[in-house]
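Please look at the sequence and the model before reading each answer.

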Amino acid sequence: MDPRVTGEQRYSVDAARPGMLHAAFVRSPHAHARVLSVGASAVPAGCVVLTPADVADLGPYGCQVKDQGVLADPARHVGDVVAAVAAPTRAAARAAARLVEVEYEELPAVFDPLEAVARGAPLVHEHAAASAGDAVSIGVRPIARTNVCHRFRIRHGDVGEGFAQADVVVEEVFRTPGAAHAPMEPHAALAEWEDGRLTLWSGTQTPFNTRADLAGLFGIAEEQIRVVAPPMGGSFGAKTFVRLEALVAALARKAGKPVKAVLDRAEEFVTLNRHPAVVRVRIGARRDGTLVAKEVDCWVDTGAYADCGPGVATKMGYAGVGPYRIPHVRVDALAIYTNLPSNGAFRGYGAMQSVWASERTMDVLAAELGISPLELRRMNLLHDGDVFATGEVMHDVHFEDCLRAAADAVGYEADPRGKGLCVLLKGMQTPSRAAISVERTPVGYIVRSASCEMGQGVRRSLKLMGAELLGCEPGQVEVPDPDTDSSPYDTRTTSSRSTYMMGRALREAVRDLERDGERGLGEVRNEGGLDPDTGQGIASTHWHQGAAAAQVAVDRETGRLTVEHLHAAVYAGRVVNRPGAELQNEGSMLMGLGTALFEEIEFADGQVANANLSDYNLPAAGDMPRLTHELIEREGAEVHGLGETALPPVPPAIGNALASLGVHVTELPITAERVLEALDR
Amino acid sequence: MRVELILNGRGATLDARTDEMLLEALRREGLLSVRETCAIGVCGACTVLLDGEPVSACLTLAAQAAGHEVTTVEGLAESDPVLRAFDEAHAFQCGWCTPGFVLTVKAMQPGDEIREALGGNLCRCGCYVKIEEAVRRCGS
């Protein structure tokens with residue numbers, strides 16, 4: 001029986017080492033403040049306090065921009081860690097952390113990405129340097145002496161000329177709020193130093209990226225760091241790149257003992273969230289519905305530290321173009337620092353924010369043209385051999401199949417009232433590298449890879465694919481936890497790439513095993529990337545493709561929106577693990593439903609106002625509408641990633657369904673208040 | 001203080017502080033299926049059965065268990081029909097919340113409305129479709 005059912009599954013919160021201490025963090029109550037002094041005289045003996053002097057020799061870190069110190073000075077958001085404590089118990093550590101005295105000098109702060117790019121806005125960072133290595137696959141383009149840590153552009157055709165050809169032009173502005181990943185398991189990490197070598201047990205999607213960043217931080221070789229990644233109790237992007245690892249490693253170095261940190265729920269809300277964004281879309285079409293020009297501007301709030309904000313802004317930018325043939329395209333996406341907690345990878349990686357804007361705008365355009373939203377999409381969709389706005393030629397394209405399936409599921413053509421559609425193009429990490437090994441044992445095989453298990457089922461997919469290739473039972477294939485000492489290199493477990501990339505690498509490894517007899521190694525790379533100044537190149541070697549349809553009813557008295565039916569159609573190519581694939585679709589749709597209807601982190605002067613699971617609502621069983629979905633397969637097709645595709649199209653499908661009833665809501669979530677406001681307009 | 005109780009069918013003594021929650025005391029006993037998640041009794045991940053009734057271990061003082069019967073999933077046999085139903089229906093992804101759901105379902109009565117009964121348990125992976133299927137399997 002699966003250990004997740006019997007409760008035997010162990011996570012990083014359960015990791016333990018003899019003699020380990022427990023960490024607690026001293027967090028800034030101010031959104032932006034210089035740290036004048038840290039006093040630890042009131043802290044009882046037996047506790048270890050990490051102060052700015054203890055980390056003075058440690059370099060900055062950050063996966064795409066090196067803009068973060070182990071301890072913050074200045075503190076750049078409410079909850080930024082300015083000191084840390086280790087003690088024999090978690091309760092003692094937390095009590096001691098309250099006794100650390102910190103003197104601050106408050107600085108002006110900014111909480112909105114548009115205000116942060118206005119003249120005279122307070123600067124969140126004076127200096128920051130771009131990172132190198134595999135965590136940053138695009139050239140980062142900061143704008144000096146501003147809060148812009150990266151700007152991404154697409155220049156395709158000539159939008160001036162394109163709009164001159166347009167008979168109809170519409171322009172709309174949309175907003176999406178910050179949101180919490182809220183994995184049920186909080187962040188947890190345990191660090192231990194032995195003879196100058198650091199071992200970390202951390203629930204992370206990025207063991208190798210984390211190792212590289214920490215090696216730079218501590219000034220040691222990457223091989224001097226070992227990262228073991230136990231299964232996660234959910235992540236959804238929250239457990240990517242360095243989170244607690246630098247803090248526990250620095251505490252353990254000072255304490256001379258292993259140190260473990262486990263966050264509480266309120267701390268989760270100041271650790272990593274989803275990027276709030278403002279997206280403006282302007283689109284022009286000929287009278288017959290042919291799209292001729294599109295402009296997309298994204299203001300992407302990356303919070304106090306860039307994290308992977310440059311990557312998110314890039315993907316938000318090109319996903320906002322949509323899966324359409326458009327000869328003239330301009331995109332400008334800015335990743336902007338503010339004094340909010342850092343924002344990072346979140347299931348969908350920026351696609352949801354711009355697809356919410358661009359697919360809602362498609363329905364506005366359809367209404368202006370007097371063409372059915374389904375027909376307007378269908379006639380402009382990309383097909384094999386078409387050129388996308390990045391200049392790349394599209395291949396293995398199935399957008400029309402997805403859209404048609406979604407529309408049919410709600411009977412869209414027969415009666416579109418109260419119904420809405422959305423079609424999605426989302427890229428996969430490009431470039432990247434995935435390696436895997438297979439060893440023969442007396443009873444079966446051991447498959448080692450750094451693909452991390454977070455509930456998406458990668459262990460089971462590797463067992464099933466391994467068994468098929470090796471001609472054995474899945475139970476004979478052992479898949480140990482990722483360990484940078486013994487697992488071959490993998491870029492990271494993100495962007496729904498593992499089944500596709502590791503599956504291909506596994507095929508190579510099995511071939512190699514057949515040659516060697518004992519051990520086989522397989523590696524695949526996908527090459528490409530975009531020029532950040534022109535947006536030309538290869539955005540993705542593998543396209544995630546999906547569509548959603550929603551059917552809704554609205555109470556015009558109360559503003560209550562009821563989703564009656566939600567359907568997603570996702571291109572799967574070939575399904576490896578059917579229950580796992582279904583769960584990914586269902587889970588993505590439910591997270592999309594929460595995004596559409598109620599999930600929002602509320603801030604008051606930079607302070608999270610709903611940092612608990614009572615005030616921040618997650619979808620429960622009773623929130624489910626009629627939920628249906630399908631996995632579109634084709635004979636002989638390649639495996640396609642499925643981890644995120646069904647999330648981004650859900651909010652626009654619901655928004656478009658509501659708009660078909662004359663209620664035009666531009667900001668998520670679609671609360672009763674926003675429905676009533678839209679009815680009043 | 002010493003808390004004497006029946007834990008997973010056997011007499012046991014928990015050594016707990018007077019202000020300590022059952023969650024911490026059970027974890028110290030090695031019952032790591034009981035997991036702190038929201039810490040305010042809304043998510044159900046730390047659900048245990050107290051005399052057969054589901055309670056949040058994060059809101060129950062260890063002292064309240066004195067003289068009572070406490071069950072965690074570690075106390076269920078592998079042949080337990082609810083465990084089997086969850087396994088067979090693939091009603092989990094990361095598995096963090098699964099023990100809480102299993103125990104909630106253990107306490108359901110015939111005729112209980114499924115979604116209402118599951119209202120106190122959250123699954124962020126969003127496995128509700130298959131969890132409902134698991135509950136229906138138990139019923140049949």
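Q: What distance does helix H9 of chain A reach from its first C-alpha to its last?
A: Helix H9(A) covers residues 351-369, which is 19 residues; helices (H or I, at least four residues) and strands (E, at least two) are DSSP runs, numbered from the N terminus. The expected span is 1.5 Å times one less than the number of residues. For H9(A) the expectation is 27 Å, and the predicted helix comes close to it, reaching 26 Å.

Q: How is the model to be read, and from which number are residues counted along each chain?
A: The model is predicted, so local features need pLDDT of at least 70 and side-chain atom pairs count only at pLDDT 80 or more, while totals for chains, interfaces and linings use all residues. Chains are lettered from A and ligands numbered from 1 in the order in which they are written, and residues along each chain, as its sequence is written, are numbered from 1.

Q: How many residues of H9(A) are buried?
A: A residue is buried if 20 or more other C-beta atoms, placed from the backbone, lie within 10 Å of its own, exposed if 12 or fewer, and partly exposed in between. Helix H9(A) is mostly covered. Of its 19 residues, the buried ones number 15.

Q: Which elements do the buried residues of helix H13 of chain A pack against?
A: Helix H13(A) spans residues 498-516, and its buried residues include Tyr500(A), Leu506(A) and Val510(A). Packing rests on contact, in which the C-beta atoms of two residues, placed from the backbone, lie within 7 Å. The partners in chain A are strand S20 (432-441), helix H12 (458-470) and strand S23 (519-526).

Q: Where is Ser495(A), and is it buried or exposed?
A: Ser495(A) lies in the loop between strand S22 (477-478) and H13 of chain A. Its phi is positive, near 55 degrees, although it is not a glycine. Most residues other than glycine have a negative phi. Because Ser495(A) has 27 C-beta neighbours inside 10 Å, it counts as buried.

Q: In what order do the four strands of the open sheet in chain A stand?
A: Two strands pair if DSSP finds at least two bridges between them. The pairing in this sheet is mixed, and the edge strands, each pairing on one side only, are S19 (419-426) and S30 (626-633). S19(A) and strand S26 (544-554) pair in the antiparallel sense over eight bridges. The order is S19-S26-S27-S30.

Q: Which element gives the most residues to the side of chain A that touches chain B?
A: In this contact, 38 residues of chain A meet 37 residues of chain B. The elements of chain A that give two or more residues are helix H1 (3-6) and H14. The largest contribution, six residues, is made by H14(A).
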